[in-house]
Amino acid sequence: MNSKPRLSTYWVTCADGLEALLVEELNGLGVENIERFPGRLVFKGTLENAYRICMWSRLASRVLMPIHSHPIEFTHDARDVAEELYEGANAFDWSLIFAPQSTFAIRLHVERDIKVNTQFATLRAKDGVVDAFMDAVGRRPNIDTKQPEITMYILAGKTEHTFCLDLSGDSLHKRGYRRFMTDAPIKENLAAAILQRAELLKRQPELILDPMCGSGTFIIESLMMLTDRAPGLVRNFGFNGWNGHDHELWMSIKAEALDRHEKALENPLPDFYAYDADWEAVKATKQNIIAAGFESVLDQIKIEERTLADWPAFENENKSAFIVTNPPYGERLGEKASNRAFYLGLSGQLQQHFPQQFAAIIASQIEQADVLAIHDPQTLRLMNGKLPIYIRSGVIKTPASTAPWLATWQPQQFEAIEGAEDFTNRFQKNIQALKKWAVKDGVHCLRLYDADLPDFNVAVDLYGERLHVQEYAPPKIIDPEKAKKRFNLALAAIRAVTGLGRDAIFIKTRARQEGKSQYTKQSTVSKRFIVREGKARILVNLTDYLDTGLFLDHRQMRLRIANEAKGKHVLNLYSYTSTASLHAALGGAASTTSVDLSNTYLNWSKENFALNGLTVDHPDEQHQFFAADCFEWLKEGHEQYDLIFIDPPTFSNSKKFHGTFDIQRDHLSLLKRAMNRLTSEGTLYFSNNFRGFEMEPEIEAMYDTEEISADTIGPDFKRNTKIHRAWKIKHFAV
């Protein structure tokens, strides 16, 4: 009659937050009666249980077998702890565990609030083991901290020190396939935990996408799960040098794992897509997939260099999709606002391409996760090393209508507003006249009224589904009370004609501006919204500044630049929030460079790029931003550009700018410097809104100059064609 297998106590460690998932996994491996502690599970089981965890656990960090404990009777200082570790190690005959010719290493873990020099304490524990060997067999083993045959794990506690044999050796998250690294990778066992929590196997998706694949961890862990590939199949373990190792048992478990994997490979795999904006990450993903043993299915995985703005049309009609990713933007952008903008952009892409499909997205801050458009979102908090991460998962929401607001607007029924009849009629006629054009061309942001009537001196701009109403300050000869009454009548009429509530209408008073006052912050309310223009999604601020971040009169110029930018190196001077650069980037520009004196607007610019899935902030990045005086920047550089856009202020006396800038006085030297940076076949677009501006004849004599103002004025500004003037300037053909 066979005797029952001997039971021993085992510890299984894991990252904080994984305990519950790990219990489920161990139950599935036949382990029962598990006690839970922070970062550690304890159970009594057989050696086969321990071996199966080493082979099959996708979530565990280590499998430890406690061998010896040394009790503590009172509190100690740092030197006492180190000496007690020596005493505890020296009190056990380690030759029963491994041979003196074996190499070993010690990993010391110290409970919280115990003060000790861990390096010195580890050294003393090592001395205790070596001296115990000398006492027992007269020989001493050697230390090997890189590839030891035996790893000892010591928990220095408040009441006892526990000495364990580390059966796993290296941490179990090291599967052996990650040969090539990228910045801030997620650990393999955390990636597996996210996939397990997201029920990848239960969902059986037909398409799996990681749009920021890094070194390919999510793709490889998905492949391992879907092909029933044991994570411990091709790695070394810490029990190989242990005297109690059952080689025959281990080889039978390994043979079973190989058989399961080979059978699972016969099943069809989903379509895999792995994208990254960094070519080095694309290469790393390919190489790691091969190192993981999946070279045979490499042709079924589309691994490409792509930004979020460059997603293709997926062949996913009627296919169930599963999107999982670890965006690098916690490290790359730094500022919370830019991070949030990026996650908004990612969310928009997911809604466009994968509505009603499942996604699991990692965020480094909960504010990032909160902007993801997910139904009934679930949040899992884990520790990736010492950094907390948040995994937001659920079904992606269907996007709201992308049609312009005017597409659904119809004339409203309302009682006449006494004293505002003329304004009401004009405002309603303007909207009706602009509706057909706006809907046909997909225009979401436009001017609806611009002081058409002398008594109603306001500008009304539509930004998406919200109105920005600016009251031009009346002349001093106008009674302020009368002006205020007219403005209130105008607001009442605007609400009646549009049907919009008070919360969708934002009001400002605009006086004549001098110097930089138009860029001065007016409020701290910060009502920021996303609007659409062409292919771009743009952040506008309807409260804090007189200007919103998007000059509506330059819409036609931005769209022209978008159409001409493909494959070109584009320079945007006085870039403001860099919306022209953004259009160029989305139009396929080889690179964009944006220069502005204001860090505030350049940070806003980076948010716009992040919102559209375009990477920024690396020295060699495709899209760069410089906080500099444009005159000095042009003088100091030598790079050539195929397309340049310049829209300077009329006047500037910024503290950062030595002296003043006057568009009429200084445009000659500005344009000459800019033309020195324009390629021989390139195009420079120059515009400004100074009504009395006259182009210097020298410019027209030196360059091929054409005024294109009429072509850059949209239908919503036809009444006010002097809103700006614009020129197309090229070098004369040689």
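Predicted model: local features only at pLDDT ≥ 70, side-chain atom pairs only at ≥ 80, totals over all residues.
Trainee: How many Å apart in space are Lys568 and Gly293, C-alpha to C-alpha?

Mentor: Along the sequence, 275 residues separate Lys568 and Gly293. In space, from C-alpha to C-alpha, the distance between Lys568 and Gly293 is 41 Å.

Trainee: Let me step back to the whole protein. What share of its residues is buried?

Mentor: The C-alpha atoms fill a box of roughly 105 × 60 × 55 Å along the principal axes. The secondary structure comes to 20 helices and 30 strands. Of the 734 residues in the protein, the buried share is 56%.

Trainee: Thanks! Which residue caps the N-terminal end of H4?

Mentor: Helix H4 covers residues 118–137. At its N-terminal end, a side-chain oxygen lies 3.1 Å from the backbone nitrogen of Gln119. The residue that provides this oxygen, and so caps the helix, is Asn117.

Trainee: Which residue takes a positive phi just after H14?

Mentor: H14 spans residues 480–498 and reaches 27 Å, close to the 27 Å expected. Its buried residues include Phe487, Leu491, Ile494 and Val497. Just after H14, a positive phi of about 75° is taken by Gly499.

Trainee: What is the phi of Asp113, which is not a glycine?

Mentor: Most residues other than glycine have a negative phi. Asp113 lies in the loop between strand S5 (103–110) and H4, and at 64% relative accessibility it counts as exposed. Its phi is positive, near 75°.

Trainee: Tyr576 has a positive phi too. Is Tyr576 buried or exposed?

Mentor: Tyr576 has a phi of about 55° although it is not a glycine. Its place is in the loop between strand S22 (569–573) and helix H16 (579–586). With a relative accessible area of 7%, Tyr576 is buried.

Trainee: On to the aromatic rings. How are the planes of Phe239 and Trp250 arranged?

Mentor: The structure holds 33 aromatic pairs. In this one, the ring centres of Phe239 and Trp250 are 4.9 Å apart and the planes meet at 65°. An angle over 60 degrees is what the label requires, so the pair is edge-to-face.

Trainee: How many residues apart in sequence are the parts that this pair ties together?

Mentor: Phe239 is buried, with a relative accessible area of 0%, and Trp250 is buried at 7%. Phe239 lies in the loop between helix H7 (217–226) and helix H8 (247–264), whereas Trp250 is in helix H8. The pair therefore ties together parts whose separation in sequence is 11 residues.

Trainee: At what angle do the planes of Phe342 and Tyr343 lie?

Mentor: Phe342 is buried, with a relative accessible area of 1%, and Tyr343 is buried at 1%. Their ring centres are 5.7 Å apart, and the pair is edge-to-face because the planes lie at 90°.

Trainee: Which ring does Arg203 lie over?

Mentor: Elsewhere, Arg235 lies over the face of Phe237, at 4.7 Å from the ring centre. For Arg203, the distance to the ring centre is 3.7 Å, and the ring belongs to Phe358.

Trainee: One last thing: what is the volume of the largest cavity?

Mentor: A search of the whole structure finds two cavities of 30 Å³ or more. The lining of the largest cavity includes Arg175, Tyr177, Met224, Pro231 and Phe294. Its volume is about 60 Å³.

Technical notes: Residues numbered from 1 in each chain as written. Heavy atoms only, no water. Phe/Tyr/Trp six-rings, centres within 6.5 Å; stacked < 30°, edge-to-face > 60°. Helix = DSSP H or I, 4+ residues; strand = E, 2+ residues; numbered from the N terminus. Buried < 20%, exposed > 50% of the residue type's maximum accessible area, 1.4 Å probe, protein only. Lys NZ or Arg CZ within 6 Å of the ring centre and 35° of its normal. Expected span 1.5 Å × (residues − 1). Polar contact = N/O pair within 3.5 Å; in protein donor to acceptor, adjacent residues only side chain to side chain. 1 Å grid on protein atoms, 1.4 Å probe; cavity = no way out; pocket = protein on both sides within 12 Å on 5 of 7 lines; lining within 4 Å. Points joined across faces, edges and corners; volume = space filled by probe spheres on them.
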